[in-house]
Amino acid sequence: IDFKIITNNGYHDSMKMLIDLKNIFARQLPKMPKEYIVRLVFDRNHESMCIIKDNTKVIGGICYRKYPTQRFAEIAFLAITANLQVKGYGTRLMNKFKEHIQKQDVEYLLTYADNYAIGYFRKQGFYQEIKMHPDRWKGFIKDYDGGTLMECYVHSNIDYGN
Ligand code: ACO
């Protein structure tokens with residue numbers, strides 16, 4: 001298992017992995033309009049961390065956007081392919097993601113969690129109580145009715161690697 005940060009940089013391999021990840025998101029997040037998923041996954045302000053099995057096969061990932069001046073990142077989409085869910089990959093992905101984002105001076109993660117995913121996010125250290133001051137994030141991320149806003153504090157001195 002490898003974890004790779006992929007951006008829309010025009011390279012064939014990156015494009016292929018982003019398409020595979022987009023297809024996992026589209027299948028696992030059926031309420032999300034497909035065009036919206038495509039737009040964000042290929043948007044140059046967004047990055048994705050992919051979990052890759054056997055060197056080439058994308059089995060899941062996180063698409064996110066950093067707001068460096070605000071020192072937070074928003075997780076737009078997160079999914080593991082259907083037949084590999086509840087085997088611990090989602091937890092490993094979140095730990096790797098925190099380890100990565102911690103080095104980029106990000107202090108908080110925000111996400112609109114689907115009702116089904118609230119339990120997962122709780123286990124990963126996300127809370128419904130938002131500690132960040134509204135001035136710091138309101139207006140930066142879109143309001144969204146279809147989910148519950150959750151926040152995770154990323155400690156600068158915790159080793160999230162596992
Ligand atoms: N509700 C409650 N608990 C859950 C859920 C859930 N939906 N999914 C996993 N868990 C629990 C597991 O039981 C496990 O608990 P344990 O540590 O006590 O055993 C823990 O969370 C971690 O489980 P993993 O095996 O690491 O999780 P998984 O690899 O299945 O990844 C994920 C979790 C990403 C939510 C995956 O199930 C998935 O892709 N689901 C469908 C798509 C989805 O809902 N994505 C999130 C939408 S919100 C968003 O994208 C911003």
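Reply: By class, the residues that line the largest pocket of this predicted model divide into 24 nonpolar, 7 polar and 8 charged. The space inside the largest pocket comes to about 1,000 Å³. Of its 39 lining residues, those closest to the centre of the pocket are Leu29, Leu78, Asp114, Ala117 and Phe121. Two or more lining residues come from each of helix H2 (34-42), strand S3 (57-67), S4, H3, S5 and H4, and among these S4 supplies the largest share of the lining, with 7 residues.

The ligand sits in this largest pocket. The elements that contribute two or more residues to the shell around the ligand are strand S4 (72-80), helix H3 (89-102), strand S5 (108-113) and helix H4 (118-123). Strand S4, which gives the largest share of the pocket lining, also gives the most to the shell around the ligand, with 5 residues.

The shell around the ligand holds 23 residues, of which Val86, Gly88, Gly90, Thr91 and Tyr116 come nearest to the ligand. By class, the shell has 13 nonpolar, 7 polar and 3 charged residues.

Leu78, which is listed among the residues closest to the centre of the pocket, has a backbone N or O atom 2.8 Å from a nitrogen atom of the ligand. As for the cover provided by the protein, the ligand taken alone exposes 960 Å², and the protein buries 74% of that area.

How values were computed. Residues are numbered from 1 along each chain as its sequence is written. This is a predicted model: local features need pLDDT of at least 70, side-chain atom pairs count only at pLDDT 80 or more; totals for chains, interfaces and linings use all residues. Side-chain values use heavy atoms; hydrogens and water are left out. A residue is near a molecule or strand if one of its heavy atoms lies within 4 Å of it. A polar contact is a pair of N or O atoms within 3.5 Å; within protein, one must be able to donate a hydrogen and the other to accept it, and residues adjacent in sequence count only if both atoms are side-chain atoms. Accessible areas come from the Shrake-Rupley method with a 1.4 Å probe; for residues, only the protein chains shown count as cover. On a 1 Å grid over the protein atoms alone, a cavity is a set of points where a 1.4 Å probe fits but cannot get out, and a pocket is an open set with protein on both sides within 12 Å along at least five of seven lines; lining residues have an atom within 4 Å of a point. A molecule sits in a cavity or pocket if more than half of its atoms lie within 2 Å of its grid points. Helices (H or I, at least four residues) and strands (E, at least two) are DSSP runs, numbered from the N terminus. Ala, Val, Leu, Ile, Met, Phe, Trp, Tyr, Cys and Pro count as nonpolar, Asp, Glu, Lys and Arg as charged, and the others, Gly among them, as polar. Grid points are joined across faces, edges and corners, and a volume is the space filled by probe spheres set on the points.
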